[in-house]
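Here are a few friendly notes to read with the structure open beside you. Take the points one at a time and find each residue as you go.

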Amino acid sequence: MHSEVVASRSADPRDSTRESRNGSPQLDSVSLAIIEQLQQDGRRPYAAIGKAVGLSEAAVRQRVQKLLDQGVMQIVAVTDPLTVGFRRQAMVGVNVEGDLDPVAEALAAMPEVEYVVMTAGSFDILAEVVCEDDDHLLDVINKRIRALPAVRSTESFVYLKLKKQTYMWGTR
């Protein structure tokens with residue numbers, strides 16, 4: 001981080017977020033810098049983050065907790081599913097008749113579904129599914145996803161090999 005950028009940031013931990021017109025938190029430059037620090041290393045000590053962004057360790061701890069509480073970010077361990085017993089991943093495209101919300105909520109409630117997004121294009125919803133094996137994937141798609149009211153059709157894209165998975169897109 002460039003020192004001139006850090007120097008121009010507010011050092012007041014109370015100025016971390018404000019609500020925008022649409023109700024989502026509007027982050028200041030220090031909160032964005034904290035997020036970027038944690039994207040680089042989710043275990044980075046608060047003292048090191050504080051030094052990089054110009055805040056005390058306690059102020060960083062307070063801001064991180066507020067960002068977590070507001071749902072702005074999560075701090076998690078990202079695993080390779082193959083190494084922890086999940087042998088099959090797939091992206092499932094779902095076409096829905098009518099309102100997408102109930103189907104998206106039902107998909108999001110399934111423990112095998114890691115990612116749900118409503119889309120524009122060939123599919124109404126995309127859901128990433130992580131399963132133990134092909135039989136488990138078949139059960140999830142055939143008996144649970146396709147059984148949801150309003151699901152018109154599905155198309156599955158089975159992952160053969162994961163080449164890139166990153167959460168380093170930074171902030172704007």
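1. Start with the largest nonpolar core, which has 19 residues; V94, V103, L107, I125, V129 and I145 touch the most other members. Two or more residues come from each of β3 (88-96), α5 (101-109), β5 (125-131) and α6 (134-145). Keep in mind that this is a predicted model.

2. Now pick out V94. Leaving aside residues up to four places away in sequence, V94 touches V103, L107, F123, D124, I125, I145, V151, S153 and T154. Another core, of 13 residues, lies apart from the one above, and its members include V30, A33, I35 and M73.

3. Next, the sheet. Its four strands follow the order β4-β5-β3-β6, in an open sheet with antiparallel pairing. At the edges are β4 (113-118) and β6 (151-158), each pairing on one side only. From one strand to the next, the twist averages 20°.

4. Look at how β4 meets β5: the two run antiparallel and are joined by five bridges. For Y115, the bridge partner in β5 is E128. Helix α5 lies across β3, β4, β5 and β6, and runs at about 165° to β4.

5. How do helices α2 and α4 pack? Helix α2 (residues 29-40) and helix α4 (residues 57-69) meet at an angle of about 85°, with axes 11 Å apart. Angles of 65 to 115 degrees count as roughly perpendicular, so α2 is roughly perpendicular to α4. V30, S31, I34, I35 and L38 of α2 make the contact with R63, V64 and L67 of α4. Six of these contact residues are nonpolar, one is polar and one is charged.

Notes: Residues are numbered from 1 along each chain as its sequence is written. This is a predicted model: local features need pLDDT of at least 70, side-chain atom pairs count only at pLDDT 80 or more; totals for chains, interfaces and linings use all residues. Side-chain values use heavy atoms; hydrogens and water are left out. A nonpolar core is a set of buried Ala, Val, Leu, Ile, Met, Phe, Trp, Tyr and Cys residues joined through side-chain atoms within 4.5 Å. Buried means under 20% relative accessible area, exposed over 50%, partly exposed in between (1.4 Å probe, protein chains only). Contact means heavy atoms within 4.5 Å. Axes are lines fitted to C-alpha atoms, for helices over the stretch in contact, and angles run from 0 to 180 degrees between N-to-C directions. Angles under 35 degrees count as roughly parallel, over 145 as roughly antiparallel, 65 to 115 as roughly perpendicular and the rest as oblique. Ala, Val, Leu, Ile, Met, Phe, Trp, Tyr, Cys and Pro count as nonpolar, Asp, Glu, Lys and Arg as charged, and the others, Gly among them, as polar. Two strands pair if DSSP finds at least two bridges between them.
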